[in-house]
Amino acid sequence: MKNTYYHQLLVNNKEWVNEMTTKDKNYFENLSKGQKPPVLWIGCADSRVPANEITGTHPGELFVHRNIANMVVHTDMNMLSVLDYAVNHLKVKHVIVCGHYGCGGVQAAMQNKSLGLINKWVRNIKEVYKDNKTELKKIDDDKKRFDRLVELNVKAQVYDLAKTSIVQQAWKDNTGLEIHGWVYELKDGIIKDLKVSMDSAAHLDDIFTLHL
């Protein structure tokens with residue numbers, strides 16, 4: 001039996017191409033000449049958080065890396081390769097870590113359940129919980145505690161970005177690179193800036209100084 005949803009995606013693609021070329025006949029030709037995005041987006045793989053749509057940006061404006069719970073893991077060569085390419089070759093000026101409330105990966109880290117392979121990934125979030133256990137235990141409401149861990153996880157990933165040799169070298173070279181932490185609210189579509197932006201003036205005295 002033909003998978004109608006699958007084939008509809010191809011139909012949608014053709015309709016989108018027609019729409020874009022109607023607006024600008026050179027749209028795809030111009031895109032094919034190269035990219036110079038000002039932003040690297042490190043976001044969650046959740047299908048409800050599409051980077052371009054929620055920021056009102058177009059193809060070519062965001063360089064995107066996504067994984068479960070928007071993690072910056074020092075053993076993740078995929079993430080580090082994307083970061084290196086974005087910072088040192090594309091010369092992005094901003095790296096944004098964007099989490100979202102209701103994140104399944106963060107929720108999984110709060111549970112004592114066997115979830116298979118994902119357990120190995122979310123153990124990094126469990127460390128964030130452990131590091132902030134005192135604050136989190138004071139929050140009686142389960143949802144508010146969940147939301148707070150989402151925020152704390154984003155902040156932890158921003159700090160982990162700051163510790164990478166890629167970011168530290170960019171700051172040493174005064175490239176103007178800034179890193180930021182955001183959280184997206186699924187219920188209303190609004191992005192919350194967590195005010196943890198860092199640039200070359202950042203002081204890492206209180207941050208674990210391991211270079212990745």
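Arginine 148 forms a salt bridge with glutamate 135, with the closest N and O atoms 2.5 Å apart. Arginine 148 lies in helix H8 and glutamate 135 in helix H7 (residues 133–137), so the pair ties together parts that are 13 residues apart in sequence. The model is predicted. Glu135, Arg148, Glu151 and Lys192 are linked in a network of salt bridges. Across the whole structure, the search finds eight salt bridges. Side chains of opposite charge can pair when their charged atoms come close.

Helix H8 itself spans residues 142–163. The helix has 22 residues and reaches 31 Å from its first C-alpha to its last. That span is close to the 32 Å expected at 1.5 Å a residue. H8 is mostly covered, with 16 of its 22 residues buried. At the start of H8, aspartate 141 places a side-chain oxygen within 3.1 Å of the backbone nitrogen of lysine 143.

Lysine 143 also takes part in a salt bridge. Its side chain meets that of aspartate 147, at 2.7 Å from N to O. Both residues lie in helix H8, four residues apart, about one turn of the helix. An α-helix has 3.6 residues a turn, so residues three or four places apart point the same way. The two partners differ in accessibility. Lysine 143 counts as partly exposed, at 41% relative accessibility. Aspartate 147 is buried, because its relative accessible area of 14% is under the 20% cut-off.

Further along H8 comes valine 154. Valine 154 counts as buried, at 0% relative accessibility. The C-alpha atom of valine 154 is separated by 8.7 Å from that of alanine 69. These two residues are 85 residues apart along the chain.

Glutamate 19 counts as partly exposed, at 42% relative accessibility. Lysine 23 counts as exposed, because its relative accessibility of 63% is over the 50% cut-off.

Open space was examined next. Rolling a probe the size of a water molecule over the atoms shows where empty space is left. The second largest pocket has a volume of about 200 Å³. Pro50, Ala51, Asn52, Glu53, Thr57, His58, Pro59, Val64 and Arg66 line this pocket. The lining divides into four nonpolar, three polar and two charged residues. Helix H3 (51–55) and strand S2 (62–67) each supply at least two residues of the lining. H3 gives the most, with three residues.

Note on methods
Residues numbered from 1 in each chain as written. Predicted model: local features only at pLDDT ≥ 70, side-chain atom pairs only at ≥ 80, totals over all residues. Heavy atoms only, no water. 1 Å grid on protein atoms, 1.4 Å probe; cavity = no way out; pocket = protein on both sides within 12 Å on 5 of 7 lines; lining within 4 Å. Points joined across faces, edges and corners; volume = space filled by probe spheres on them. Nonpolar A, V, L, I, M, F, W, Y, C, P; charged D, E, K, R; others polar. Expected span 1.5 Å × (residues − 1). Buried < 20%, exposed > 50% of the residue type's maximum accessible area, 1.4 Å probe, protein only. Polar contact = N/O pair within 3.5 Å; in protein donor to acceptor, adjacent residues only side chain to side chain. Salt bridge = Lys/Arg side-chain N within 4 Å of Asp/Glu carboxyl O.
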